Amino acid sequence: MNPYSGTGTLRRRDLFALGAATALAGCRQDAAPRPNILFAISDDQSFAHTGASGDPVVRTPVFDRICAEGVRFEHAFCNAPSCTPSRGAILTGQECYRLEEGVNLWSSLPAKFVTYPDLLEAEGYHIGYTRKGWGPGSIEAGGRSRNPAGPRYEDFQSFYEANPSGCPFCFWFGSSDPHRAYEKGSGLASGLRPEDVPVPPFLPDDPEVRSDILDYYFEIERFDRELGEILSFLEERGQLANTVVIVTSDNGMPFPRAKADLYDYGARVPLAIRWPASVPGERVVTDFVSLVDIAPTILESAGIEIPSDMTGRSLLTLLESGEDGRVDATRDHVISVLERHTPWREGRVGYPKRAIRTDQFLYIRNYEPDRWPGGDPPILGEVDPSPTKEFMRARRDEPGLKRYYEAAFAKRPSEELYDVERDPGQMNNLAADEAHAEIKSALAARLDQHLLATADPRALGHPPTWESDPHHGRLTLEQRR
């Protein structure tokens, strides 16, 4: 039985037939044991906020251990700085604009898009997830009967115990940390010191903001501790050595000019992978990688054919290379995108944009510059409610603070260009600078080349329906204030 179509895409009816047959027959017998997969994903954590990346305050000993015993990717980016499309891209190995309505927050993921858990299950893997898998959105509207991440379990132990035949497993640990809302003052109460916080350059340096960042750190630490409990459980049962452990986040921190933006603190995420059976540790790789690369990496590590419609590229060669720094010279850039994050604009429309990031530059194209990037005033609902947001709104006209408010909420030009080496906070837009015109043009061309090659409807000139697609959430005005 050959479940692959002529294009290399596995048909869903064949997947479920294979999964049922595998369950009846027991695990596939292999000469060498296939690895387990543990995928751990935090919710709204920027790249900079781990001990291994140099943050002096947040305590992440488990993530740091995975880095020490595996590989930390210095330049890892989500496909979209918004939960639903980012998770859809991770699961399918495709850019989110290829997923039809799945490009939007609070959308659906059409059943025709096969996920890596489907493929693993068809090959005898025990699969499941806990807490936040794909989403938020409507599973049923996509024609699915379960979450795209697999069957739901209360916790990792119940998932593990539901696998009596000892098949290799693939588990999605989807924490809701550090997603808002926070318990105000929780970070300070836990012993974190506000005076030690490195405030990002795009946020005002104020005690209110520092305390808010501490609360965010507190939840990152909780995610780290809970991940450590899973690793200890596996270690006690002798399963950790042959488990591929992947730790990342779906997008950046829930602060103004971060989450739902294509700047580094919105799109750049932590990523570390540990697999001592095949991957030399204590390494930092600087290749540009995307979370779209996760699905093909998992499939290749499990010895499963990668469908041809996956646009991500497996990281296994980088992992097994034993090298530090730039391993693959072709991985010198990454693409991030956004369509409708929230509908808090007149007409319930989004703020569509695309970006290309290289070692030195970030180029962003804003398709609708007449719209408000943070959502229509005064609610500015694109940005999560927070003490930091309220501080910036309340003092937006004060000297020294106005620039932060405008950077987060004012209208933006159709093009943005930042020299990230000299301007890591990406606050000084060089797009109108004649001295950078050639660089801007070259980056725009590279961006277009990728979008065309991967069939972005906007690049192909096909009018997308994304802004008229259903929004399956129920947000009130008060919830977004």
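Helix H13 (residues 437-453) lies across strands S8, S9 (353-358), S10 and S11 and runs at about 65° to S10, where contact means heavy atoms within 4.5 Å, axes are lines fitted to C-alpha atoms, for helices over the stretch in contact, and angles run from 0 to 180 degrees between N-to-C directions. Helices (H or I, at least four residues) and strands (E, at least two) are DSSP runs numbered from the N terminus. The model is predicted, with local features needing pLDDT of at least 70 and side-chain atom pairs counting only at pLDDT 80 or more, while totals for chains, interfaces and linings use all residues. Residues are numbered from 1 along each chain as its sequence is written, and side-chain values use heavy atoms, without hydrogens and water.

The 4 strands form an open sheet in the order S8-S9-S10-S11 with antiparallel pairing, two strands being paired if DSSP finds at least two bridges between them. Because S8 and S11 each have a single partner strand, they stand at the edges, and one side of each is left without a neighbour in the sheet. From one strand to the next, the twist averages 15°. Strands S10 and S11 run antiparallel and are joined by 5 bridges, and Tyr 363 has Leu 417 in S11 as its bridge partner.

| S8 | 333-338 |
| S11 | 415-419 |

Helices H11 (residues 387-394) and H12 (residues 402-409) pack at an angle of about 115°, their axes 9 Å apart. In this contact, Lys 389, Met 392 and Arg 393 of H11 meet Tyr 404, Tyr 405, Ala 408 and Phe 409 of H12.
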